[in-house]
Amino acid sequence: VLERDSASGERILSLQDVLPGSRRAIFVASLGQATGKVFTVDLRSGERRLLLEQQTRGAWYAGRQTLIYVLADGSLWAVPFDPDRGVVTGPTAALGGPASSMPTGTARVSVSRTGTVVFVPRVGATPVLVDRQGVATPLIDRAGEYHNPRFSGDGTRVAMDIIEPTGRDVWVLDRGQGTLTRA
């Protein structure tokens with residue numbers, strides 16, 4: 001039904017939602033990152049239409065002529081939307097956030113056709129080192145989304161995944177200097 005637009009560098013097409021009547025679908029087209037532009041596609045003709053040019057982590061139809069989407073920074077938005085024509089029909093409205101994302105970059109959001117939206121908020125945390133007496137010492141002085149910490153063999157460095165609005169990368173913390181370096 002749909003092919004990547006290689007001229008624009010599209011690498012990933014992610015189906016987000018099939019609209020009522022099963023004639024159109026919503027998808028995100030990305031250049032390989034965790035975010036991309038939102039389109040509709042006519043499932044019979046293959047014709048696509050750009051809905052949102054902003055970099056998004058997902059978009060879903062919430063019924064009641066409303067499209068819900070999450071921007072790269074995790075903010076949650078709503079926009080009036082005509083599912084029959086597959087077009088945005090009005091201005092956007094902020095709903096909240098930031099929503100957290102899965103390791104693939106997809107926002108942790110679910111939307112019902114009755115207009116109910118549920119999301120997992122992004123809650124920053126600080127990785128801590130706990131000594132044998134149970135005393136916790138922060139390794140980094142800023143909250144964030146840190147995953148999979150691993151010590152170097154000599155214990156002087158800690159590698160970990162850090163999720164930021166721009167994506168997920170592996171960083172190495174030098175415990176002696178307190179500096180982070182992207183691996």
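Q: Where does T35 sit in the chain?
A: In this predicted model, T35 is placed in the loop that joins β2 (24-30) to β3 (36-42).

Q: How do I tell whether T35 is buried or exposed?
A: Look at the relative accessible area; under 20% means buried. T35 has 8%, so T35 is buried.

Q: Which side chain does T35 make a polar contact with?
A: The side chain of T35 pairs with the side chain of Q55 in a polar contact of 3.0 Å.

Q: Which residues form the nonpolar core with 13 residues, and which have the most contacts inside it?
A: A core is built from buried nonpolar residues joined through side-chain atoms. The largest one here has 13 residues, and I26, V38 and L67 are those with the most contacts inside it. At least two residues of this core come from each of β2, β4, β5 (66-71) and β6 (76-82). The strand that gives the most is β4, with 4 residues.

Q: What does V38 touch, leaving out residues up to four places away in sequence?
A: V38 is in contact with I26, F27 and V28, with R49, L50, L51 and L52, and with T56 and A59.

Q: How many residues are in the other core?
A: Another core, of 10 residues, lies apart from the largest one. W60, A62, V70 and A99 are among its members.

Q: Which residues form a nonpolar patch on the surface?
A: A patch needs residues with over 30% relative accessible area. Here V1, L15, V18 and L43 form one, and together they have about 360 Å² of accessible area.

Q: Where does L43 lie, and how is its accessibility classed?
A: L43 is in the loop between β3 and β4 (48-61). Its relative accessible area is 31%, so L43 counts as partly exposed.

Q: Where is T126 found?
A: T126 belongs to the loop between β10 (117-119) and β11 (128-130). Its relative accessibility is 33%, so T126 is partly exposed.

Q: Which residues is T126 in contact with, leaving aside neighbours within four places in sequence?
A: P138 is one of them; the others are I140, R142, A143 and Y146.

Note on methods. Residues are numbered from 1 along each chain as its sequence is written. This is a predicted model: local features need pLDDT of at least 70, side-chain atom pairs count only at pLDDT 80 or more; totals for chains, interfaces and linings use all residues. Side-chain values use heavy atoms; hydrogens and water are left out. Buried means under 20% relative accessible area, exposed over 50%, partly exposed in between (1.4 Å probe, protein chains only). A polar contact is a pair of N or O atoms within 3.5 Å; within protein, one must be able to donate a hydrogen and the other to accept it, and residues adjacent in sequence count only if both atoms are side-chain atoms. Patches are made of residues with over 30% relative accessible area and no salt bridge: like charges are joined within 9 Å, nonpolar side chains (Val, Leu, Ile, Met, Phe, Trp, Tyr) within 5 Å. Accessible areas come from the Shrake-Rupley method with a 1.4 Å probe; for residues, only the protein chains shown count as cover. A salt bridge is a side-chain nitrogen of Lys or Arg within 4 Å of a carboxyl oxygen of Asp or Glu. A nonpolar core is a set of buried Ala, Val, Leu, Ile, Met, Phe, Trp, Tyr and Cys residues joined through side-chain atoms within 4.5 Å. Contact means heavy atoms within 4.5 Å.
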